[in-house]
Amino acid sequence: MIRVEHLSKRFGDLEVLKDVSVEIQAGEVISIIGPSGTGKSTFLRCLNLLDQPSGGHIVVDGQDLMAPDADVPALRRRMGMVFQAFNLFAHLTALENVTIGPMRLLGRPEAEARARGRELLGMVGLADKADAFPDELSGGQQQRVAIARCLSMDPEIILFDEPTSALDPTMVSEVLAVIRRLAREGMTMAIVTHEMDFARDVSTRVLYMDQGVIYEQGPPSQLFEAPQRERTRDFIHKVRSLRWHIADDRFDRYAMVGQIERFCEKHVLTKKTARNTELVIEELLALALGRAQQPPIALTLAYSERNKTLELRYERAPAPQDLSAAPQGPSAAPQDPLAAGEDDDGLGRKLIEHYADVIDSEARDGISRLTLRIRHAAEEGNGAGA
């Protein structure tokens, strides 16, 4: 139904979307997830040209919306949109909000539009609110009126831009129930959402966006249960992290110690776990920075709120890698810091192995990676782990 090719969007010097390409088939329910500020809403707004793309093509049933002769209003009417804010006309009743579009834009007779409007209000559970004004409705009810208004234009696809983000948590389920019904009835939908359980249940495909690109996509079972890429895993597992870029041994070690202790305290990890983490980092950097002619180090301390695991991630590459373009072809990676050296007595490696439950290392595409899962430690005298 929709084919997006090399879509880009800039706001001045800020590049929000970078070379996005994707297809949406009729009947699909696409959930778009990812951190805030990564271009999800902008992507939806570009699909119906509420935001004018900076480059690329959006093709709807063979017609390019970016072509100079494109009938944009006609193509846009095929794509309904439901916003975070309900955007109802405050001076019109619920029924009038639902009927004004078909009457003004589609030329439908008033009696026909009102009959259809009442049917749609009944479908979203608001048959008894036809004569109520928006300020007489709850947030969830207003959003359901907005969905009925969108359906009144007979769209072929509906774009939902975080439809529950402005709602009280008690009202979220009533809106999601309407969207689930539309999915069962075969409506094609693209939904930007932070409701992960909902995205897992309702979607045929999930797009994970990060830094303006579609970083990973797949069926919900794969993306939520076995994501293939690190940033996707971090997002799904609710990972909170600290990151450092270390070029040489002149970095501020004392500032790092303070950051580690505050990070562990925030996530209710023991002081002993924090100290053990500091020891592992100290020994790892002593081994890594002792190698001659090695590139800078990217070091990440990551805590998963879902799995309750603490990981230390080490990465060394010639240059930071952009998400949209991984290095191509084989190349020599920097040396694994845990590999034995000629003057190495092995004590540093033994200490690291003592405090780490899991150690995984790999060298691929010119990058040396090491992941250490730090063992949780109980405070002396407590008798229990953190």
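Residues are numbered from 1 along each chain as its sequence is written. In this predicted model, local features need pLDDT of at least 70 and side-chain atom pairs count only at pLDDT 80 or more, while totals for chains, interfaces and linings use all residues; side-chain values use heavy atoms, leaving out hydrogens and water.

**Exercise 1.** Find where the chain is divided and how many Å separate the domain centres.

*Solution.* Start with the bounds, which come from an automatic or database domain assignment: domain 1 covers 2-236, and domain 2 covers 238-320 + 335-374. Next, take the centres over C-alpha atoms; they are 42 Å apart. The contact (heavy atoms within 4.5 Å) then takes 8 residues from domain 1 and 5 residues from domain 2.

**Exercise 2.** Work out the area buried between the domains and which residues of domain 1 lose the most.

*Solution.* Buried area is the accessible area (1.4 Å probe) lost by two parts on being put together, summed over both. Here that is about 540 Å², with 25% from carbon and sulfur atoms. On the domain 1 side, Glu230, Asp234 and Ile236 lose the most, together 72% of what that side buries.

**Exercise 3.** Count the salt bridges between the domains, then see which helix gives the most residues on the domain 1 side.

*Solution.* Look for a side-chain nitrogen of Lys or Arg within 4 Å of a carboxyl oxygen of Asp or Glu; the count is 2 salt bridges. Arg313 forms a salt bridge with Asp234, their closest N and O atoms lying 2.7 Å apart. Now turn to the helices (DSSP runs of H or I, at least four residues, numbered from the N terminus): α9 (230-236) gives the most, with 6 residues.

How values were computed:
Helices (H or I, at least four residues) and strands (E, at least two) are DSSP runs, numbered from the N terminus.
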